Amino acid sequence: MVGAALLASLLIYACTQAAGDLPLVQGVHITFRESDADFPNPERGFYRYSETRTSNFTPLDAETLRSYRDPQLIGSANYSVVSTLVFRYYILDNFRDGPISAAILDALDAEMDAVRAAGVKIIPRFVYTVTSTGGDCPEGFICPPYGDAPKAVVLQHIEQLTPYFRQHADVIACVQMGFIGTWGEQYYSDYFGDPSGNGGQGYRLTDANWRDRLDVLQALLAAVPEDRMVQVRYPQFKQRYVYGIDAPVDAAPLSADEAFTGTDKARIGVHNDCFLSGPNDIGTYEDYGNDSSPRLSDAAVVNALRNYMKAEGQYVVVGGETCSDDYSPQNDCEPAGIAQQEFAAMHYSYLNAHYNHAVNNDWQDGGCMDAIKRNLGYRLVLKEATLPDQAFRGAQTTLSITLENKGYAPPFNRRLPILVLRHVSEGEEVAIPIAHDVRTWKTGVIQLNAQVSIPQDMAAGEYELLLHLPDAYDTLAHRPEYSIRLANEEVWEAATGYNRLHHTVQVK
């Protein structure tokens with residue numbers, strides 16, 4: 001197995017072009033058998049939920065995390081899942097008025113070592129409270145004070161957490177904004193505006209509220225490495241960050257040219273924590289207003305924000321959880337419901353395995369859970385390939401591979417495919433990176449045509465061809481748990497993380 005640093009040192013040129021731009025491949029045509037198995041793949045699927053309070057820090061355990069890669073039943077669920085993602089609530093309940101202690105910062109580092117050892121990735125959300133306290137207030141079930149922290153404290157904490165985000169970016173799948181409001185969902189807040197019935201501000205956010213919220217998002221984007229995305233709870237938050245606090249709900253979504261550029265606009269995704277819970281997903285698709293406009297949630301607003309999300313989801317990470325079974329049959333399996341249709345339209349990469357079982361259990365009963373488990377995120381299937389019988393050292397050779405992404409979304413973190421040539425008798429490996437970003441592999445057919453240069457100094461002989469889709473970080477590139485497995489029979493090599501192409505080439 002070859003890491004990214006070694007690949008760079010090989011200085012091997014590889015490129016991909018449209019099929020018409022390359023010479024016809026001379027060689028053998030191979031077809032592959034698809035698998036319908038559910039298996040763990042990095043940065044996609046059902047995640048496992050966890051939380052800890054900094055007032056009583058309970059660290060994650062590597063052995064427990066490692067066990068999530070095997071099928072497990074969860075609580076009152078009637079389904080089992082395999083998981084490579086762990087959602088983590090960090091509840092900063094004893095730091096609402098001052099800095100995070102050095103002991104807790106050290107504990108966070110140690111915990112991420114366990115995540116890395118286990119072969120999983122984490123979705124962190126830092127918050128101050130996850131408790132709803134009822135009382136004598138308009139909403140009743142949750143009343144102020146809610147228990148979040150003032151802006152100055154939040155910004156101080158983000159600055160303190162910057163080394164954490166940067167040192168452990170390899171095992172962070174994405175970061176959820178958090179910090180503001182109960183559950184970190186940027187709604188019930190003591191300091192950033194309260195658009196609920198308890199807020200007394202006309203059910204909307206003020207200009208000052210927006211500025212404070214967007215300052216927090218800006219600080220978090222600066223703290224998190226450029227190659228990792230930050231998710232906000234509501235799509236309008238991204239619109240107003242990108243275009244200003246007067247941005248309309250029909251603001252332009254991210255375009256293909258803007259995607260994957262490392263800009264803030266390209267790095268903001270969404271976590272919808274009330275998937276198919278009502279016409280506007282309990283406030284997800286809502287205009288929260290400002291000083292010059294009221295809060296709106298009519299059909300036009302919902303449709304505009306839904307269309308925005310459909311376009312955005314092609315290029316940014318989308319995930320979340322279900323929260324209410326009241327929106328039935330819409331949140332059921334097809335044909336009565338639209339669950340799979342909605343996952344596909346919004347390009348979901350992950351979902352909470354633990355909540356809400358009232359909704360998720362219906363998918364098992366309705367017969368679509370197996371499909372949802374397979375199709376959350378990407379599901380890449382080898383269809384066919386035309387591969388050369390012989391190749392010459394110091395010369396270029398051409399190959400053609402056809403895949404299909406049957407999942408709801410493309411991979412959301414960068415990785416490059418690598419053609420591995422492994423000597424049949426000696427086991428020596430030569431790795432040739434193919435300049436093709438898998439984040440562009442949307443749902444549908446993927447044509448991977450490549451002209452690759454065979455190194456002049458490699459040994460002559462017979463080589464097996466394999467396709468490797470490793471993690472982009474050197475720390476994980478050698479780890480098969482972090483490599484993408486293709487959904488085919490007799491292709492995956494668990495020991496290496498390679499996908500066998502069932503063909504050998506004679507290098508001369």
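This is a predicted model: local features need pLDDT of at least 70, side-chain atom pairs count only at pLDDT 80 or more; totals for chains, interfaces and linings use all residues.

Guide: Residues are numbered from 1 along each chain as its sequence is written, and side-chain values use heavy atoms, with hydrogens and water left out.

Visitor: How far apart are the C-alpha centres of domain 1 and domain 2?

Guide: The protein is divided into domain 1 (27–37 + 380–507) and domain 2 (44–375), with bounds that come from an automatic or database domain assignment. In contact (heavy atoms within 4.5 Å) are 19 residues of domain 1 and 31 residues of domain 2. The C-alpha centres of the two domains are separated by 34 Å.

Visitor: Which residues does Phe165 touch?

Guide: Residues up to four places away in sequence are not counted here. In soluble globular proteins, nonpolar side chains tend to be buried together. The residues that Phe165 touches are Phe126, Ile172, Val175, Leu220, Ala223, Val224 and Pro225.

Visitor: Which strand supplies the largest share of the lining of the largest pocket?

Guide: On a 1 Å grid over the protein atoms alone, a pocket is an open set of points where a 1.4 Å probe fits, with protein on both sides within 12 Å along at least five of seven lines, and lining residues have an atom within 4 Å of a point. The largest pocket is lined by 27 residues, with Trp183, Glu185, Asp273, Cys274 and Glu321 nearest its centre. Two or more lining residues come from each of strand S3 (45–53) and strand S6 (85–91). The largest share, three residues, is given by S3.

Visitor: What is the volume of the largest pocket?

Guide: Grid points are joined across faces, edges and corners, and a volume is the space filled by probe spheres set on the points. For the largest pocket, the volume is about 650 Å³.

Visitor: How many charged residues line the second largest pocket?

Guide: This pocket has a volume of about 280 Å³, and the closest to its centre of its 19 lining residues are Glu226, Asp227, Arg228, Arg414 and Arg439. Domain 1 and domain 2 both contribute to the lining, so this pocket lies between them. Ala, Val, Leu, Ile, Met, Phe, Trp, Tyr, Cys and Pro count as nonpolar, Asp, Glu, Lys and Arg as charged, and the others, Gly among them, as polar. The lining has six nonpolar and three polar residues, and the charged residues number 10.

Visitor: Why is helix H6 described as largely enclosed by the rest of the structure?

Guide: The buried residues of H6 pack against H5, strand S9 (230–232), helix H7 (264–267), strand S10 (268–272) and helix H8 (299–312). They are Pro235, Gln236, Phe237, Lys238, Gln239, Arg240 and Tyr241. H6 (residues 235–243) is largely enclosed because the buried residues number seven of nine.

Visitor: Is Leu276 buried or exposed?

Guide: Leu276 lies in the loop between S10 and H8 and has a positive phi of about 45 degrees although it is not a glycine. Most residues other than glycine have a negative phi, and most peptide bonds are trans. With a relative accessible area of 3%, Leu276 is buried.

Visitor: What is omega for the cis peptide bond that joins Tyr355 and Asn356?

Guide: Asn356 is found in the loop between strand S12 (350–352) and helix H10 (357–366). The cis bond from Tyr355 to Asn356 has an omega of about 5 degrees.

How values were computed: Helices (H or I, at least four residues) and strands (E, at least two) are DSSP runs, numbered from the N terminus. Buried means under 20% relative accessible area, exposed over 50%, partly exposed in between (1.4 Å probe, protein chains only).
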